[in-house]
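Please open the model in your viewer and keep a selection tool at hand.

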Amino acid sequence: MIYDICIIGGGPGGYSAAIRGAQLGAKVALVEKESLGGTCLNHGCVPTKNLYSASEVLRSLSEADRFGIKAGAVSFDFAEMMQKKNEVVAHLAGGLQKLFKDYKIDIFKGKGSIEESGGDVGKVRVDSPSGSSFVEAENIIIATGSEAADIPPLRIDGMKALGNRDVLSLGELPDSLIIVGGGVIGCEFANILARMGVKVSLIEALDKILPHAEREISRLIRKRFEERGIKIITGSPIVDAELKGSGVSIKLADGTELFAEKALMAIGRRLNSFGLNLEEAGIEMDGTAIKVNGKMETSSKGVYAIGDVVGKMPLAHVAAREGIVAASNAMGKEEQMDYSAVPMAIYVHPEVASVGRGEEALKAASVDYRVGRFPYLANGKAVAMREEDGFVKVLTSVVDDKVLGVHIMGAHASDLIAEAALAMKMGCTTRDISDTVHAHPTLSEALLEAWEDTEGMAIHKMGKRII
Ligand code: FAD
């Protein structure tokens, strides 16, 4: 049979494309070499957020006396914790399988590559241990994602030098760990593992951890990490590394020498754009990323690419949205991918989330902006929750009062950012938001008051202001 859409890769990009395609009436095939759900469900977002939640339980127990509760000595069994994490992944994987069954999406197990493209019907080759087969489809969507990158002199060996897959399947906690890379993934693992008692060193070649976060947030998270005993070295790349019998030794450019039982590579992602026959299919590349237009179309007719492999924003929700755009276009709708209001969250303590531009970017672009700030310390719900460590910063345009960026550090930042993303996407002004009644007591009132503060009108902010 000839499918309407054949998707290579079943991560959040690929599976969202498959389901949206089926919802629009397409007969869909999906080729997956490992497990449905991809990096996100199996080796990324979901398992890390389960372990993050476990680490937050440990934090709450250690801080229980703030509520007058004596929690006593806390202990945990790491193997059991990992078992629970596997159960969460299995539960969600089961849900995905069921969705695929309901939508009658055919799954082909094996490694996919493009055999033919550019004509009215394309052909995907599927290689599996039992041999090769071919799937014919009018549209092909490449959604092959990415893997942990490594660099000389430290290569991932799965034993002492780990990638995200290895660290998420550890049988026991190492006594000490060097995390190479202070970006989102490196900081999230540092936060989780330090909470579980691992001696963590975090090294970052750039001059700050979380390089894409607002400078003040990056500085505060560093401070909080250091207060918890996480050793952080920035501005010094690795020049030498050795895997020894008892661990890993690393030498940095500034002469610092570090030794730990294991190392975790979190320097970025290697795009899975190789072995797909892309060059032969005439698909244009931008380095190792597949080049696409706003409709997620590649340079070959009927072939789309989405998710990490297009090298735009390596986030699960971006992959999913790109998948929906590609599937809709494949089914004759007109959709464009819009990256202008993409939120992102960083699961450390305190949590971080943002949407839009930061102050440095606005200054660099000579944009006139106002700043509104509101501290968690003055928000009733945050104080009641004993989560006073945090703030909301809102950046609005002096010209039209619309949202340019929102940056949150504090409890539930990852949930709060949704309102800011919607406001930005809808082109809301300060007046639109301050006219919207927010429930009390909620953390969302901190967002409201930060907005009001852009005009000096936040009710609960100290420092009298009369206009
Ligand atoms: P993937 O999820 O990488 O899926 C690609 C799929 O394609 C895989 O299943 C793979 O087996 C399959 N595949 C590859 N090549 C072939 C082939 N030739 N044939 C058949 N199948 C193939 N993002 C967030 O938004 N929030 C988070 O909290 C978050 N946390 C993360 C934590 C970690 C530790 C990591 C590593 C990543 C995290 N991410 C997070 C990023 C997120 O996981 C990715 O952006 C997302 O998974 C990308 O989706 P994708 O569909 O493009 O690719």
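Which residue in β24 does V352 stand opposite? Select the pair: V352 faces M409 of β24. The model is predicted, so local features need pLDDT of at least 70 and side-chain atom pairs count only at pLDDT 80 or more, whereas totals for chains, interfaces and linings use all residues. Residues are numbered from 1 along each chain as its sequence is written, and side-chain values use heavy atoms, with hydrogens and water left out.

Next, select strand β21 (residues 352-356); strands (E, at least two residues) and helices (H or I, at least four) are DSSP runs numbered from the N terminus. Of the 5 residues in β21, 4 are buried, that is, under 20% relative accessible area with a 1.4 Å probe, protein chains only.

A345 has A353 as its bridge partner in β21, and a hairpin of 5 residues connects β20 to β21.

Move on to the largest nonpolar core, with 50 residues. Such a core is a set of buried Ala, Val, Leu, Ile, Met, Phe, Trp, Tyr and Cys residues joined through side-chain atoms within 4.5 Å. Residues with the most contacts inside this core include I7, I105, I283 and M296. Elements giving two or more residues to the core include β1 (2-8), α4 (78-102) and α8 (316-330).

Select a second, separate core of 38 residues, which includes L58, M82, A213 and F391.

Finally, centre on M296, which touches Y304, V325 and Y339, among others, not counting residues up to four places away in sequence; contact means heavy atoms within 4.5 Å.

Conventions: Two strands pair if DSSP finds at least two bridges between them.
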